Amino acid sequence: MRFRLLRRRLTISAPRVAVRSALPWPLRWLVFAMVLGLSAAVALWAFEFGRSLAGLDAGSREELVQLRGELARLRIDAQQNQTIANTSGSLLLAERSALDQLKLQLKQLESENRSLREDLGFFEKLIPSSSSGDDLAIRGLQAEQQADATLRWQVLVMRPVKNAAEFSGQLELVASGMREGKPWSQRFAGDGQAFKLRQYQRLEGIARLPPHVLVKTLTARILHEGRVRASQTTDVGS
């Protein structure tokens with residue numbers, strides 16, 4: 001009987017045996033978590049301790065502070081540079097506007113200078129009247145034939161008398177020259193123009209000429225009540 005029981009225990013047909021731990025599973029998980037946390041704490045402590053020994057933490061913080069300071073300085077410099085650039089752009093626009101105005105003023109001054117030179121040349125040709133005792137004279141008669149068959153003229157009428165009364169008269173222009181090889185003379189359509197003056201009066205105009213005319217001389221006469229008070233003749237340039 002004992003042999004049968006021993007054989008039954010040692011053979012395949014023997015009953016199964018379950019081995020169980022003495023600790024329950026919640027307690028085992030708690031122990032596992034504690035061991036894992038302790039390991040992580042030890043690893044973190046070792047990392048921090050090693051970094052502090054190597055001096056990496058303090059250097060990194062100082063470098064970070066320096067980089068932040070450098071970044072702030074660069075931002076301030078960028079803002080200042082942007083402000084300077086904006087100011088420079090405004091100044092450049094103002095200088096361009098002022099330059100354009102100066103150019104315009106320069107052109108105006110050049111035009112006025114040319115006009116003054118023409119007037120100076122015109123008045124330089126004035127000479128006192130010594131042969132006539134009349135108080136009215138023609139000075140500086142000028143005439144030029146243009147390429148578009150016109151005659152440009154100008155004349156200055158003067159009264160070399162102080163505190164003279166107002167004078168009313170008419171200017172008559174007569175051009176003489178050649179037309180197709182024959183002598184030619186004509187009073188202009190705009191002649192006989194009336195004017196008034198006390199001391200001096202400048203008169204000028206443009207007269208249209210017939211075709212194929214070459215003007216050689218121009219005569220200006222001052223008429224008053226049908227009588228010629230003054231006259232002057234000049235050569236015509238072309």
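**A tour from sheet to salt bridges**

Start at Arg 152, which stands opposite Ile 206 in β6. This is a predicted model, where local features need pLDDT of at least 70, side-chain atom pairs count only at pLDDT 80 or more, and totals for chains, interfaces and linings use all residues. Residues are numbered from 1 along each chain as its sequence is written, and side-chain values use heavy atoms, leaving out hydrogens and water.

Select β2 (residues 150-158) next. Nine bridges join β2 to the antiparallel β6. Strands are DSSP E runs of at least two residues, helices H or I runs of at least four, both numbered from the N terminus; two strands pair if DSSP finds at least two bridges between them. Now show the open sheet, ordered β1-β2-β6 with antiparallel pairing. Its edge strands are β1 (137-145) and β6 (200-208).

Pick Thr 150 in β2. Thr 150 is buried, at 5% relative accessible area (buried is under 20%, exposed over 50%, partly exposed in between; 1.4 Å probe, protein chains only).

Jump to Glu 172. Glu 172 is buried at 9% relative accessibility. A salt bridge links Glu 172 to Arg 187, with the closest N and O atoms 2.9 Å apart (a side-chain nitrogen of Lys or Arg within 4 Å of a carboxyl oxygen of Asp or Glu). Arg 221 also forms a salt bridge with Glu 172, again at 2.9 Å. Arg 221 lies in β7 (residues 213-224) and Glu 172 in β3, so this pair ties together parts 49 residues apart in sequence.

Finish at helix α3 (residues 56-124), where Glu 70 and Arg 73 are three residues apart. Their side chains meet in a salt bridge (2.3 Å, N to O).
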